Amino acid sequence: MAAKGSHDCWLVDHEVDLKKALAELKGKLERNNRLAVDCEGVSLSRKGELTVIVVATEEKAYIFDVVKLGRAVFTEGLGEILEDKSREKLTFDCRQDSDALWHQFGVKLAGVLDLQLLEILYRRKRKAGRFGSGWDTSPGQRTSALENVNGFRRCIQDYLGDPDLIRKKDKGVLAIKRDQEVWKKRPLSDDLLQYAAVDVVSMFPLYNKLQSGAMNEEEQVRLRVASERYLDFQRNKSVRTHDKYERNAYLPLHIIPAKGSLDFSQLTSDTACTRCKRNFPHDEFTAKQLREGEQKCRVCIKMENERRY
């Protein structure tokens, strides 16, 4: 089944179709090892519900209905694909997807290139070209500025400029705003199916655009390391707060390695921020913060300042 007027896609919501779709997908992956992955759901994270997972090659999108198929989506073969480090997976902000897959279904997503991080590397390179080759906002340095992470819709608009993709994206966003639980209701509307397909189909041209402007061999390796850290960012937490200190529009500290280094082992992260609960090196905090037991990382300080003004 395909969503009317959409890219070539298959809504997989019956067990017979599941086996056929996975066999077809594996066949396509033998010819091209790269795929795109995106999850949808209600309050997507370990505490919410993952209801749809979309996997695409450059030729076709497969929309797997987790509400109807349950764990079989993963135990019949998709879980193995998602966990295979040798299969390159494009994602866009994989943090909540990774958390939901692991804590709800025991699937440890791996082999990711996250396009939200790639877009930051692209922006850095463009800014370095304007301000000199020494420009680098290394998040590991105390003097570095905090960087915004951009959303997928903005990236489609800024880098692809395809009005049809933007229109489909916006119609899906409108449906979600009208009903926060729409992803677990059946049948899925055509607007939602097209929205789901756009998210994965758009990743391929977006990756091509960004990597051509940002990637040499060193940057590609930095992206892989950063993407692995992004995968672990939420799923490795023993407890989550689901508050504004976890959910903000800034690049988390110590995600993208500094230029010339791929190693975070020099960062002895033994002191917790009292807001976001992440561990940081001792010198992330001031002596006064440590003395009063109110240590806050730069991102959490920024969040508190925004609330005041």
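Predicted model: local features only at pLDDT ≥ 70, side-chain atom pairs only at ≥ 80, totals over all residues.
Q: In which order do the 6 strands of the open sheet lie?
A: The edge strands of this sheet are β1 (9-12) and β6 (112-114), each of which pairs on one side only. The twist from one strand to the next averages 25 degrees, and the pairing within the sheet is mixed. Read across the open sheet, the order is β1-β4-β3-β2-β5-β6.

Q: Which residue of β4 stands opposite valine 55?
A: Strand β3, made of residues 49-56, pairs with strand β4, made of residues 61-65, in the antiparallel sense and over 5 bridges. Within this pairing, the residue of β4 that stands opposite valine 55 is tyrosine 62.

Q: Which residue in β8 is the bridge partner of alanine 272?
A: Strand β7 (residues 269-272) and strand β8 (residues 279-281) are joined by 3 bridges and run in the antiparallel sense. In β8, the bridge partner of alanine 272 is asparagine 279.

Q: Which residue in the hairpin of β7 and β8 takes a positive phi?
A: The hairpin has 6 residues between its strands, and the residue in question lies in the loop between β7 and β8.

Q: Is α6 roughly parallel or roughly antiparallel to α7?
A: Helix α6 (residues 152-160) packs with helix α7 (residues 163-178) at an angle of about 165 degrees, and their axes are 10 Å apart. Because angles over 145 degrees count as roughly antiparallel, the description of α6 relative to α7 is roughly antiparallel.

Q: How do the residues of the contact of α6 with α7 divide into nonpolar, polar and charged?
A: The crossing of these two helices, α6 and α7, is left-handed. On the α6 side the contact has Phe152, Arg153, Ile156, Gln157 and Leu160, which meet Leu165, Ile166, Lys169 and Asp170 in α7. By class, these residues divide into 5 nonpolar, 1 polar and 3 charged.

Q: How many nonpolar residues has the contact of α6 with α9?
A: The axes of α6 and helix α9 (residues 203-214) come within 10 Å and cross at roughly 60 degrees, which makes α6 oblique to α9. This crossing is left-handed, and its contact is made by Phe152, Cys155, Tyr159 and Leu160 of α6 together with Met203, Pro205, Leu206, Lys209 and Leu210 of α9. The contact has no polar residues and 1 charged residue, and the number of nonpolar residues is 8.

Q: Is the crossing of α4 and α10 left-handed or right-handed?
A: Helix α4 (residues 95-105) and helix α10 (residues 217-235) have axes that come within 7 Å and cross at roughly 60 degrees. That angle makes α4 oblique to α10. As for its hand, the crossing of α4 and α10 is right-handed.

Q: How many charged residues has the contact of α4 with α10?
A: In α4, the residues Arg95, Gln96, Ser98, Asp99, Trp102 and His103 meet Tyr230, Leu231, Phe233, Gln234 and Arg235 in α10. By class, the contact has 4 nonpolar and 4 polar residues, and the number of charged residues is 3.

Q: How many residues apart in sequence are the parts tied together by tyrosine 122 and tyrosine 159?
A: A search of the whole structure finds 7 aromatic pairs. In the pair of tyrosine 122 and tyrosine 159, the ring centres are 5.3 Å apart and the planes stand at 85 degrees, so the pair is edge-to-face. Tyrosine 122 lies in helix α5 (residues 115-131) and tyrosine 159 in helix α6, so the separation in sequence of the parts tied together is 37 residues.

Q: Which proline does a cis peptide bond join to arginine 186?
A: The proline in question lies in the loop between α7 and α8 (190-201). Omega of the cis peptide bond is about 5 degrees, and the residue joined to arginine 186 is proline 187.

Q: Which histidine has a positive phi although it is not a glycine?
A: The residue lies in the loop between α10 and β7. Its phi is about 55 degrees, and the residue is histidine 242.

Conventions: Residues numbered from 1 in each chain as written. Heavy atoms only, no water. Axes fitted to C-alpha atoms, helices over the stretch in contact; angles between N-to-C directions. Helix = DSSP H or I, 4+ residues; strand = E, 2+ residues; numbered from the N terminus. Parallel < 35°, antiparallel > 145°, perpendicular 65-115°, else oblique. Left-handed = near helix turned anticlockwise from the far one by under 90°. Contact = heavy atoms within 4.5 Å. Nonpolar A, V, L, I, M, F, W, Y, C, P; charged D, E, K, R; others polar. Pairing = 2+ DSSP bridges. Phe/Tyr/Trp six-rings, centres within 6.5 Å; stacked < 30°, edge-to-face > 60°.
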